[in-house]
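Here is a short briefing to read alongside the model. Have the viewer open and follow the topics in order.

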Amino acid sequence: MITWYDRFNGKLVKQLPENTVSGRYTAQASCIFNGHSNIQPDDFLISDGTEKFHIGSQVGSFIYNEKSEQLETELEIIESAILAYQEALDLGKDSSFLIPDKLLARFELTKFEELLVDVLKKGHLQEIARRPRMELIYEEHLVPVSRAKKLASSANAHLASHSECWQTRTLIGVIPKQILALESEDQLNIYENRVYVKLLEIIGRYLVKRISEVKELENIFKKARKFENAKAIHFELRASIFTLWGEGFSDDEQADDAAIHGIATLELLTKMLKKVRTLQHSSLYLRLTHNIHVPLKLNMTNVLSHDQHYRHVARLWNSWLDTQQANNLDPEQIFQRNKKLSIAYLQYCCDLVKRTLQEIGFKQLAPNNFKRNRNQAIALEVTACSEIVLKTSEQSLSFIPCFSNNIAPLDTELTESSQRILLSLNSAVEMNKKNLCIAPTNFYSLEQLAVLISKWLVSQSLQSVEITVPKAPALLLKTLNRQSESGYWKLENNSVTIIKPCLATKPKLLEFKKEHKQDVSIAKAVDAIIDAAERFEELLYCPCCGVKADEEQWISRDDNCFAIRNSSCNHVWEVNRQADGNKVLKVVPYKVLT
């Protein structure tokens, strides 16, 4: 039996659950997925669009939440943006973490839409609705002689064998009372009209989806432009978002031009949909709408080939079919595409984490090694199971990218006891300590990562508050007591508690250690105090950007709390004591837009 790695909680499992999220598990051995694709070790268990998985004796299904049309459209935009990002990397080009300029092509009319504009403008579809072609069908009916207009060829034979239809009988024959006659009927239910009605239904659905797509892109551009005049947003966040947004476009005016063009495209698509909806209320459409079973491949009849109006129905049908063939994928192709998307999303998240480290002051000194000051260093690693791990000398923080918007809060309950953060596309899940929405459509992705990583780093720095060196030698305590007016430490019960950055005293402490180098206890105590002072020094560095404050800016408070104001980076950070006795760090901007 195949073993699987559960990326959400970092554990190996031998049995897959009956229902799971696509991308949650990675295989630990080779296997065959749904009879069509090979899964190699460390590959994702990804959906192939059938919503089911069958691997050996294990059978189950993927979890799919009900999606609105808007969510479906947003997911398609995200997929395109992620693939565009990966394509730019493969070509060695820069790409934005937000919407790239490649997606601006979606504001342009497609070939099918241009053809539809032309056909509707010339009125070909409207003319068919007004005067559709009909087939004249003759049927035999027994009618009174006075109503008969055209006799059926079998009228004499029928009259000879049916005496009840006689009026009277004469010496030379009979006078009929009823006769078998031919009556004509105009028949709308012909193949060409069924194709026309089916085409109107197809165009209606297509335009609704396209309008939703253009609206969603337009909303993204509107949201970006709102940041320009936003007064409630910190200036650094606004600048960061503008920087990310601008990296996706080759020039400054490109985004504005695209937004204007998008409005024009949206208006045109909306007008076309209105015309199509009007045609869907015609008598032809209403009479045939329940009988439109038409194969995808057209039978090019003389009418569809040569009629001045119906031939444009065939042109539209074939043009639409060309667009659909590019999107119609079999399960194996969908599986490979989803696998490609998951790998691209992993790369996207990894690069975004690196960019976040740079935004909060870290510099990349070597591949995947970052440093912000002399003590604070982070190593980044991407594991075989597609986890992004940040490591310091003391702790690690794991990010688990999962290219899915079907994440529910229950899926992450198992991660509460560990430093594991789930990165997904689900904006409906509220940001918390274990869930982040990371997507090109989320303007706050980098900001949320920055807050989370800063808190993780600060949690390590906070351990430096109230560092106590116990059982210090009396001679050392006497020396430290002479410097008590500096407020660096508190001496109680033969212990030294650091309460303020005191690395400036390191030279004197080393000199004292050298003078008493034969006393092992003094050497150990001095080394412990210097080590504590170096760790305490971390609190002088801004948790947001890594800029170091001066020791003079340190404001001591009761219960070993502190505050740092007037730093050169325009941030204020402080440690406050809560009612339950816990200490928390608070970071706020010193300068806010007004």
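Which element gives the largest share of the lining of the largest pocket? In this predicted model, that element is H1, with 9 residues.

**The largest pocket**
- The volume of the largest pocket is about 1800 Å³.
- Its lining is made up of 44 residues, and Glu76, Glu79, Lys209, Asn327 and Arg337 are the closest to the pocket centre.
- Helix H1 (69-90), helix H5 (191-226), helix H10 (310-325) and helix H11 (331-359) are the elements that each contribute two or more residues to this lining.
- By residue class, the lining splits into 15 nonpolar, 15 polar and 14 charged residues.

**Asp351**
- You will find Asp351 in helix H11, one of the elements that give two or more residues to the pocket lining.
- Asp351 is buried but has no salt bridge.
- The nearest side chain of opposite charge belongs to Lys354, 4.6 Å away, whereas a salt bridge needs the charged atoms within 4 Å.
- Setting aside neighbours within four places in sequence, Asp351 is in contact with Tyr85, Leu89 and Phe97.

**Lys513**
- Lys513 sits in helix H14, which covers residues 506-515.
- Not counting residues up to four places away in sequence, Lys513 touches Ala523, Val526 and Asp527.
- Leu476 is 37 residues from Lys513 in sequence, yet their C-alpha atoms are 9.2 Å apart in space.

Notes:
Residues numbered from 1 in each chain as written. Predicted model: local features only at pLDDT ≥ 70, side-chain atom pairs only at ≥ 80, totals over all residues. Heavy atoms only, no water. 1 Å grid on protein atoms, 1.4 Å probe; cavity = no way out; pocket = protein on both sides within 12 Å on 5 of 7 lines; lining within 4 Å. Points joined across faces, edges and corners; volume = space filled by probe spheres on them. Helix = DSSP H or I, 4+ residues; strand = E, 2+ residues; numbered from the N terminus. Nonpolar A, V, L, I, M, F, W, Y, C, P; charged D, E, K, R; others polar. Contact = heavy atoms within 4.5 Å. Buried < 20%, exposed > 50% of the residue type's maximum accessible area, 1.4 Å probe, protein only. Lys, Arg positive; Asp, Glu negative; His and termini not counted.
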